[in-house]
Structures are given as structure tokens and as C-alpha cells.
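Here is a short report for a reader meeting this structure for the first time. Please look over the sequence and the model before reading on.

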Amino acid sequence: MAEVRQRKGKKDDQKPATTAVVEELDTSESDTATSKPKSKSKPSLKERVDDDEAYSPWIDILRVLSFLIVASCGLSYLISGGESFTWSLRAPPKYMQLGWWKSQLRGPIYLTPTELSQYDGSDETKPIYVAINGSIFDVSSNRRTYGPGGSYRFLAGADAARSYVTGCFAEDRTADLRGVEAMFLPLDDAAVDSHFSATQLAELKERELREAREKVHEALLHWVRFFENSPKYPKVGYVKRDKDWLDKEPRKKLCDVAAKGRRPRKIPGEE
């Protein structure tokens with residue numbers, strides 16, 4: 001609304017009286033510096049319903065599936081050591097095998113040598129077990145090698161620890177390691193032994209026996225670690241024996257293959 005103000009003139013004796021000046025000021029809120037912009041109107045209920053109906057979940061589903069596929073390929077690559085992106089592993093880790101989980105839930109089994117012999121692969125409905133140094137491993141995943149007709153068929157269904165050292169798979173299907181160290185001992189030869197004094201020869205033989213036993217231990221430990229670290233052959237249990245079982249076993253002589261590997265003792269200075 002316009003306001004009327006009266007502006008007073010300066011006093012001047014020579015000038016006539018001034019007239020009032022009227023100024024019109026616009027106080028409309030629309031022209032003030034503090035005027036507020038008009039707020040946008042909120043979408044109506046009908047517009048919100050239309051937007052919801054137009055939304056399709058397939059794009060989000062496709063994104064999730066794409067992420068899962070990429071993550072699966074990456075995880076397969078890491079677990080397989082770069083072997084495969086699609087989980088097609090020749091030797092999957094133990095925790096990816098059904099048999100391993102069954103053995104974990106069931107706990108270790110305990111079999112006597114007679115019971116163990118039933119798992120030699122002759123019965124296709126049963127797994128194939130091999131044992132070494134008292135531990136039993138499931139080698140059913142390699143039935144072609146350990147089953148009937150396989151190159152290692154003599155190891156199945158028995159604790160053949162002796163044969164792992166001597167290499168006589170057919171003859172040494174036993175865990176009795178007595179006398180195996182002889183395969184690493186040199187042959188006695190009177191002509192060669194005459195170069196040593198009695199004390200020297202006794203000390204030499206003692207050292208040779210100690211070293212031979214260490215070699216037996218290392219050879220057996222190599223195969224024990226092979227099975228324990230193999231992802232293909234889970235450990236399922238232990239062989240159950242009497243404490244005096246060795247006393248009941250006849251002492252085996254060294255097999256021909258192992259005996260032929262022995263060499264004569266060398267003369268001092270010719271080593």
C-alpha cells in the first residue's frame with residue numbers, strides 16, 4: 001500500500017511557501033529482498049504409485065548375479081592356485097570333499113589288520129584304505145592306482161610301512177621295520193676290514209648303523225608326509241594292534257631288491 005509523506009522545504013524569505021510533495025512507496029512483499037521462493041509441490045499419491053509400478057527388480061537381480069559369478073571365479077582361482085576359474089579341480093582341497101566332512105563328523109575309525117584287509121578294493125561298495133606307520137588314509141579317489149590291477153594295489157588294505165622303505169611292495173606288506181636298516185649298511189669284507197683296527201672297525205660300524213637307521217626314518221617320514229599333505233587322500237583313522245604284536249610276528253629277512261642295493265665297505269682313503 002502506498003504511503004504519503006510530506007517533504008518540508010527550506011525556509012527562504014524571498015521564495016514563496018513550498019508545496020507538499022507526495023512520494024509513493026511500494027511495500028509489497030513480492031519486491032522485498034527477503035522474499036522466499038515458492039516451494040515445489042510434493043508428488044501426489046497417484047504419481048508415487050505409478051513410479052513404484054514402473055520399477056523393475058530384474059536389473060538389481062542381474063547385478064547381484066554378476067557379482068556372485070565374478071566372486072566365485074576369483075575364489076576358485078585363489079583356492080586352486082591358478083588352476084581353474086570354474087571349480088574344476090583335479091585335486092580339490094580336503095574341506096571340499098564330502099568324504100572328508102563325513103570323517104570329521106564321524107571321528108577317526110579304528111581297524112585291526114584283519115578288518116583293514118577288507119578295504120583293499122576287491123569290494124567296490126567299500127572305500128580303499130592304505131595305512132602307513134599306523135595311520136589309515138582313504139585313497140578311493142585313485143581307485144585305478146590302488147585298486148585291483150593298479151600299480152600300487154599291494155599297498156591297499158594293509159599297513160605296508162616296510163614296503164615304502166624297501167620298495168618290495170608284494171613281499172613287504174607289513175608294518176614290521178625290524179632289520180630294514182640293513183639295506184643301507186655296507187657289506188662286510190674281510191680284506192677291507194683288515195685295514196681297520198678292532199676299535200676303529202667297531203666305531204665305524206656303530207656310526208654306519210646310526211646313519212642307516214636315520215635313512216630308514218627319513219624314507220618312511222617322506223611317505224607319511226606325502227599322504228598327510230595330499231588333498232586327495234584324507235586321513236580316516238588308525239590301525240588297532242596289540243601292544244606285543246611285534247613279538248608275535250616272524251622276523252623278516254631283507255628282500256632281494258633291497259639286498260642287491262648294498263655295497264662293500266670302502267678302504268680308508270678311497271671314500
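## Basis of the model

This is a predicted model, in which local features need pLDDT of at least 70 and side-chain atom pairs count only at pLDDT 80 or more, while totals for chains, interfaces and linings use all residues. Residues are numbered from 1 along each chain as its sequence is written, and side-chain values use heavy atoms, with hydrogens and water left out.

## The chain as a whole

The chain has ten helices and four strands. Both are DSSP runs, numbered from the N terminus: helices are H or I with at least four residues, strands are E with at least two. From the N terminus on, the order is α-α-α-β-α-β-β-α-α-α-α-β-α-α.

Of the 271 residues, 27% are buried. Buried means under 20% relative accessible area, exposed means over 50%, and partly exposed lies in between (1.4 Å probe, protein chains only). The chain exposes about 19900 Å², and carbon and sulfur atoms supply 55% of that area. Accessible areas come from the Shrake-Rupley method with a 1.4 Å probe; for residues, only the protein chains shown count as cover. Contacts are heavy atoms within 4.5 Å. Among contacts with a separation of 6 or more, 60% are between residues 24 or more positions apart.

## The sheet

In what order do the four strands of the open sheet stand? The order is S1-S4-S3-S2, with mixed pairing. Two strands pair if DSSP finds at least two bridges between them. S1 (109–111) and S2 (129–132) are the edge strands; each has a single partner, so one side of each is left without a neighbour in the sheet. On average, neighbouring strands are turned by 35° against each other, direction ignored. Axes are lines fitted to C-alpha atoms, for helices over the stretch in contact, and angles run from 0 to 180 degrees between N-to-C directions.

S1 and S4 are parallel and share three bridges. Here Tyr-110 has Tyr-238 of S4 as its bridge partner. Tyr-238 also stands opposite Ser-135. S3 (residues 135–138) and S4 (residues 235–239) run antiparallel, joined by three bridges. Ile-136 stands opposite Gly-237 in S4.

## The hairpin and its covering helix

S2 and S3 run antiparallel, with four bridges between them. Val-130 has Phe-137 in S3 as its bridge partner. The two strands form a hairpin with two residues between them. In the turn, Asn-133 has a positive phi of about 55°.

Which way do the residues of S3 point? Ser-135 and Phe-137 point one way, Ile-136 and Asp-138 the other, and all are buried. Helix H8 (residues 198–229) lies across S2, S3 and S4, and runs at about 140° to S2.

## The disulfide

The chain has one disulfide, defined as a pair of cysteine sulfur atoms within 2.5 Å. Cys-168 and Cys-255 form this link, with their sulfur atoms 1.9 Å apart. The pair joins distant parts of the chain, 87 residues apart. Cys-168 is in the loop between H6 (161–166) and H7 (190–193), and Cys-255 is in the loop between H9 (245–248) and H10 (256–259). The link is right-handed, with 70° about the S-S bond. Cys-168 and Cys-255 are both buried.

## Two buried residues

Is Arg-265 buried or exposed? Arg-265 has 6% relative accessibility, so it counts as buried. Arg-265 is in the segment after H10. Its side chain makes polar contacts with the side chains of Asp-188 (3.1 Å) and Asp-193 (2.9 Å). A polar contact is a pair of N or O atoms within 3.5 Å; within protein, one must be able to donate a hydrogen and the other to accept it, and residues adjacent in sequence count only if both atoms are side-chain atoms. Leaving out residues up to four places away in sequence, Arg-265 touches others including Pro-186, Val-192, Phe-196, Leu-204 and Glu-208.

Ala-161 is in helix H6. Ala-161 counts as buried because its relative accessibility is 1%. Not counting residues up to four places away in sequence, Ala-161 touches Ile-132, Asn-133, Thr-174, Ala-175, Leu-177 and Leu-220. Ala-161 and Trp-223 are 62 residues apart in sequence, and their C-alpha atoms are 8.9 Å apart in space.
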